[in-house]
Amino acid sequence: MAGLVLQNLIKQYGTTRVVHGINLEIENEEFVVFVGPSGCGKSTTLRMIAGLEHISGGRIYIGDRVVNRVSPGKRDIAMVFQNYALYPHMSVGENLAFCLQQRGTPRAEIATKVAQAAETLDITSLLDRRPSQLSGGQRQRVAMGRAIVRNPEVFLFDEPLSNLDAKLRVQMRGEIKRLHRLIPTTTVYVTHDQTEAMTMADRVVVMNHGHIEQVGRPLELYEKPATTFVAGFIGSPPMNLLPGTLSGAGDDLGLTLENGTTVALRGKVRAGVEQARSANVVLGVRPEAVGIAAQGPQGVPVPVTLDEVEPLGIETLAYGSIGRTTLCARLAPDVALQAGAPADLFIDTDRAMLFDAETTRALT
Amino acid sequence: MSETAEAGPSPEEPPVVTREPHQWLGAALITPSLLFIGLLFLLPMGMTVWMSFHNWPLLGEPRFIGLENFSELMGDRRFWSSIRFTALYTVLVTSAIFLVAFPLALLVDRPLRIAGFFRTIYFMPVVIGFGAAATLWTWLLNPDNGVFAELLLRSGLVDAAPRPTESFWPALIVVILMVVWKQAGFTMVILLTGLQSVPDDVTEAAKIDGAGPLARFVRVTLPLMRNSIILALVLNVTWSMLAFDQFFIITQGGPRNSTVTAVFSIYLQSFSSYRLGYGSAMSLVLLVILVAISAMQMAIVNFRKAPE
């Protein structure tokens, strides 16, 4: 068992740099999820860890060993691919056995290990089938079986659930977590789905444009996003980001929004004001910190026109416009609101955050 | 979902069912192909069967002689030796083409811009007709003023211009060289499509599983391109079994009729000895042999159904 260290990791294609010197330490048996939009460099980073992509700069350690020049087969890793990448001409059993055969494991031992892995993943009855005879979920399980059968130091998952339907995705999410509890192994999991990141990770690494935006436990990212990017990426619906200008001081301290409304800043959010380098800031407020008068208003009213009201059963989401930005409120399911009508949405600034408009970094 | 709100048919009306396309349309569409097959394959084949039961000179009256042509054929040493020679040629030339085409396919299967250029270069001889290519090689091989002789003499590798068509193995080898030069590009393209049909992530999975280049090629790439290999094999075997032009033009069957192929001997009987009936009987025997070989290859294809 071993941890994983990325040291100033760089990937460059010609003169185009796609990963800009990443530093990260992943502890032994930790489950780390890389999340970010497509093209953010998360898959490239994973492929460098796997050895499928040449490392342009920096170092990768697995345990104490620098693996930059070690071939994928000798890194003692296992990878689950987005399209499963099962060997189509081999049976499920042969798929599981292949890596052990390549390492010259004795036949009897292979049989035992394959049987064990198959039992763990409940695919014993499928061992004689070809991948083409399996459903998506079953193929996913075989791909995981191929990874666990060799007991690697590190598991790598490259968007493994993106080809499954929504229901199966939730089920397999649980199964991967269960597997990780059963066989605690250092795991790097890449996804573009923030829900997967939040539900599965011990720690989440949010990437954007080849940089790490923030590393932290899921709730940490939710409650204290380091940048507006993280704030807008984590959470569904994401944090409202309202650009504005600081005005006044002391008890009159306020923020003038795009539509001219001035929101008085009270409570914890004031702490950030001192760090602001200019008056241009972004107010970040989670939809659950936005309310309406009928719910017993907390905070400052902002007049908006409601663009959309979405009753979801468990809650109702209301969207209003402030200038060019949208303000989303997460409300009780029984509120009576009508799209197109004017309304006052109340922003609870005590639960809000400030970001520097220029650097996009949090000011708290 | 049998009705829509805006269409508003009464609930009693049966839902509209779209008619199946007319069956005669299908028949009409396949008629040209049927005509082609009928006129250019079935009719001549029937004609051949009919002629094989006759003593059928080029001029003069055909005479029905039953199975006499076939019984004569059974004891015809020259015909069977031409079949044996054709089989030898087929094995050698097919192996040679694969030995050249496979490395070429691996070479041009790279994400380099120049690979496309070489793909075209290697494929170019394929578009030349067999007769033209053979004639070209006859000139190249000419011991008195051919390019090969000139090159060999100037480089000092030989003292006298080689005359390959004057003995059996050199004659066979130069024909094989010519056919490999001309046909390897075609097999390369077929094998290339096979190579490119192997998904990248499967190859990567094999890398992570610890398979080296050789193990990956043998255990993953080769089995996954099986269909292309079999297609290339069937085509090469069939074409080689029907070889004619290259021997007719380069060796003219010599030396001492040792490079007469099956089709060549059919040609000689039919158009040199004017025994069209006997030639037809030979054609039928060759057809049976080819069908048997193809059936065997098909059986191998179906032995393990190809993965999707």
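# A tour of helices, pockets and cavities

Select residues 77–108 and 226–241 of chain B: these are helices α3 and α10, which pack at an angle of about 140° with their axes 9 Å apart. Helices here are DSSP runs (H or I, at least four residues), strands are runs of E of at least two, and both are numbered from the N terminus. Axes are lines fitted to C-alpha atoms, for helices over the stretch in contact, and angles run from 0 to 180 degrees between N-to-C directions. α3(B) and α10(B) are therefore oblique to each other (under 35 degrees counts as roughly parallel, over 145 as roughly antiparallel, 65 to 115 as roughly perpendicular, the rest as oblique).

This is a predicted model: local features need pLDDT of at least 70 and side-chain atom pairs pLDDT 80 or more, while totals for chains, interfaces and linings use all residues. Residues are numbered from 1 along each chain as its sequence is written, chains are lettered from A and ligands numbered from 1 in the order written, and side-chain values use heavy atoms, without hydrogens and water.

Next, select α5 (residues 130–141) of chain B together with α7(B); they pack at about 130°, with axes 11 Å apart. That makes α5(B) oblique to α7(B).

Of its 16 lining residues, the closest to the centre are B:Asp109, B:Leu195, B:Asp200, B:Thr203 and B:Thr221. A pocket is an open set of points on a 1 Å grid over the protein atoms alone, with protein on both sides within 12 Å along at least five of seven lines; a cavity is a set where a 1.4 Å probe fits but cannot get out; lining residues have an atom within 4 Å of a point. Points are joined across faces, edges and corners, and a volume is the space filled by probe spheres set on them. Helices α7 (168–196), α8 (200–208) and α9 (213–224) of chain B each supply at least two lining residues of this pocket.

Now look for the largest cavity, of about 70 Å³. Select its lining, which includes A:Ala78, A:Phe81, A:Arg146, B:Ala205 and B:Asp209. α4(A) gives the largest share, 3 residues.

Finish at the second largest cavity, of about 40 Å³. A:Phe31, A:Phe155, A:Phe157, A:Ile176, A:Leu179, A:His180 and A:Thr187 line this cavity. α5(A) gives the most to this lining, with 3 residues.
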